[in-house]
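Subject: Structure handover

Hello,

I am passing a structure on to you, with notes on what was found in it.

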Amino acid sequence: MKIRATPYVLIAPATLLLLAFGVLPILIAGFVSFTDMNLAGLGDWSVIKFIGLNNYTQLFADPAFWQSLGNTAFFALIGVPSVIISSLIVALLLNRSNSRFYRALRSLYFLPAITAIVAIALVWGYLYNTQFGLFNYLLSLVGVPPVQWLSDPLLAKFSVAFVAIWRGTGLNIIIFLAALQGVPREYLEAASLDGASEIRKTVSIVIPLLRFAIFFVMITTVIAWLQFFDEPFVLTKGGPIGATTSISLFLFQKGFSGSQFGYASAGSVILFLIIAVITLAQLRARKTDVEY
């Protein structure tokens, strides 16, 4: 009996934490989404009214909500493949040697992942500055007029996405480098004896053996970009005219700036469902993967 209970006792702390900080907030958000809860409701629960599906009805009729969803889809389509491909290429290059120089480069590439977003905003805010920024100064040297990096609606999307791509590659590079350590050297040596080139070995041996790491990075990267918040919040506050407002930033503005907790909770439930559906689709597609 004690043996049967042991596994449950061991996983109980992690399960309790998951229920407390993972499942419970979702259930609370789902309940609040059916109410008109605002800042006054936090102090006095008696003023909170049950309004059914009104929040969802208003949300689906809100152009700003659809714009934020479209912006999030744009960021994800641009950011996910860019982060995965660039981090994989850099990891493959960094894995070619274990010298001190390459180890220093690995640390250098990881720095953006551990740098505070406030410091990143200060640096990139200066680089993107229309009048005094470094980018426009370099362009002025070749006669190019100033570029509205964060003021033009379309260009601001790419500017914000680029910062997030730069910041997001560091952690994924470390994951790919760890996975590359597990590639059997015997396979590569055998391929070398058969005359395979470096590109051929990478395409036919290394990348197939990294499929689980690629799958893991893809799952986490997609979720991160669907919850995209930091960069548009600190660089543009969602502007200009909502061009860089992601769905997470939209929910923050409605919930904490607009004191519409019920309305924001309805949006968070929809975002949760979107992420769940996309993640389940990726997991289902993973089942068809053929063992190497």
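Predicted model: local features only at pLDDT ≥ 70, side-chain atom pairs only at ≥ 80, totals over all residues.

Residues are numbered from 1 along each chain as its sequence is written, and side-chain values use heavy atoms, with hydrogens and water left out.

Aromatic rings

Rings of Phe, Tyr and Trp (its six-membered ring) count as a pair if their centres lie within 6.5 Å; planes under 30 degrees apart are stacked, over 60 edge-to-face, and the rest tilted. On that rule there are 22 aromatic pairs. One of them joins F60 and F65, edge-to-face, with 6.4 Å from centre to centre and 70° between the planes. For exposure, buried means under 20% relative accessible area, exposed over 50%, and partly exposed in between (1.4 Å probe, protein chains only). F60 is partly exposed because its relative accessible area is 45%, whereas F65 is buried, at 1%. An aromatic cluster is formed by W124, Y128, F135, W149, F162 and W166.

Charges over rings

A charge sits over a ring if NZ of Lys or CZ of Arg is within 6 Å of the ring centre and within 35 degrees of the ring normal. K157 has its charged end over the ring of F74, 5.7 Å from the centre. K237 lies over the face of F233, 4.2 Å from the ring centre.

Loops

Helices (H or I, at least four residues) and strands (E, at least two) are DSSP runs, numbered from the N terminus. K237 is in the loop between α12 and α13. Its phi is positive, about 55°, although K237 is not a glycine. With a relative accessible area of 53%, K237 is exposed. P240 is also in the loop between α12 (230-235) and α13 (247-257), and the peptide bond from G239 to P240 is cis, with omega near -5°. In the loop between α13 and α14 (261-286) is S259, a residue other than glycine with a positive phi near 55°.

T279

T279 is in helix α14. T279 counts as buried because its relative accessible area is 16%. A polar atom of its side chain lies 2.7 Å from the backbone oxygen of I275. Apart from neighbours within four places in sequence, T279 is in contact (heavy atoms within 4.5 Å) with I219 and I223.

Regards

Notes. Polar contact = N/O pair within 3.5 Å; in protein donor to acceptor, adjacent residues only side chain to side chain.
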